[in-house]
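Take a look at the chain below before reading on.

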Amino acid sequence: MAFASFDDKRGGAPVAEINMVPLIDVMLVLLVIFIVAAPLLTQSVKLELPKASAQPTQPQPDAIQLSINAEGILYWNGEALSRQEAAARFAVEGAKPNPPAVRFSVDQSIPYGRVAEILADAARLGVSKIGLVTQPDTTAR
């Protein structure tokens, strides 16, 4: 440790030693905080939970692939059908306690009115989880 001296040659030189006292103070404060906080982190409430048996949850139904090609033909999981047949299938699926999701892909040349009719049929008959499938736009930034 450097003490003041009467030597004029070294009087203005900076002290090259690290003062350890503030570092030790900070370490002691952190130690006290840790000692106080550690018991709070390990506290738990002792409970005796009741025993119960439950039915296993039903697996999520598979999604329905619904599509309309450029010729206007409606497909349900790859099977061609009419709008009335699709409505009948929507009624069956909508009556289930957990109706499946529908992934709806439509050719871009199909008029919006045709798409809206099928979406309305699905919603009216209880199938409300419908997603529209699109291609990502690689030109947009």
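## Contacts and overall layout

A contact means heavy atoms within 4.5 Å. In the protein chain, residues 24 or more positions apart account for 64% of the contacts with a separation of 6 or more. The model is predicted: local features need pLDDT of at least 70, side-chain atom pairs count only at pLDDT 80 or more, and totals for chains, interfaces and linings use all residues. Residues are numbered from 1 along each chain as its sequence is written, and side-chain values use heavy atoms, with hydrogens and water left out.

The protein chain has three helices and five strands. Both kinds of element are DSSP runs, numbered from the N terminus: helices are H or I with at least four residues, and strands are E with at least two. From the N terminus on, their order is α-β-β-β-α-β-α-β. Of the 141 residues, 16% count as buried. Buried means under 20% relative accessible area, exposed means over 50%, and partly exposed lies in between (1.4 Å probe, protein chains only).

## Helix H1

Helix H1 covers residues 21-42, which is 22 residues. The expected span of a helix is 1.5 Å times one less than its number of residues. For H1 that gives 32 Å, and the end C-alpha atoms are 32 Å apart, so the two agree.

H1 also bends, by about 25° at Val-36. The bend is the angle between axes fitted to the seven residues ending at a residue and the seven starting there.

A pocket is found on a 1 Å grid over the protein atoms alone, with a 1.4 Å probe; it is an open set of points with protein on both sides within 12 Å along at least five of seven lines, and lining residues have an atom within 4 Å of a point. The second largest pocket has a volume of about 190 Å³. That volume is the space filled by probe spheres set on the points, which are joined across faces, edges and corners.

Which elements give two or more residues to the lining of this pocket? They are strand S4 (102-106) and helix H3 (112-124). The lining includes Phe-104, Asp-107, Tyr-112 and Leu-132. Its residues divide into eight nonpolar, three polar and one charged. Here Ala, Val, Leu, Ile, Met, Phe, Trp, Tyr, Cys and Pro count as nonpolar, Asp, Glu, Lys and Arg as charged, and the others, Gly among them, as polar.

Arg-114 lies in helix H3. Its relative accessible area is 24%, so Arg-114 is partly exposed. Arg-114 touches Ile-68, Gly-72 and Leu-74, not counting residues up to four places away in sequence. Arg-114 and Ile-68 are 46 residues apart along the chain, with their C-alpha atoms separated by 9.5 Å.

Arg-124 is also placed in helix H3. Is Arg-124 buried or exposed? Arg-124 is exposed, because its relative accessible area is 58%. The C-alpha atoms of Arg-124 and Phe-90 are separated by 9.0 Å, and the two residues are 34 residues apart along the chain.

## Residues outside the helices

Asn-77 sits in the loop between strand S2 (74-76) and strand S3 (79-81). Most residues other than glycine have a negative phi. Phi of Asn-77 is near 50°, a positive value. Asn-77 counts as partly exposed because its relative accessibility is 47%.

Ser-109 lies in the loop between S4 and H3. Ser-109 is 6.2 Å from Ala-70, C-alpha to C-alpha, and 39 residues from Ala-70 in sequence. Gln-135 lies in the segment after strand S5 (130-132). Gln-135 is exposed, because its relative accessible area is 72%.
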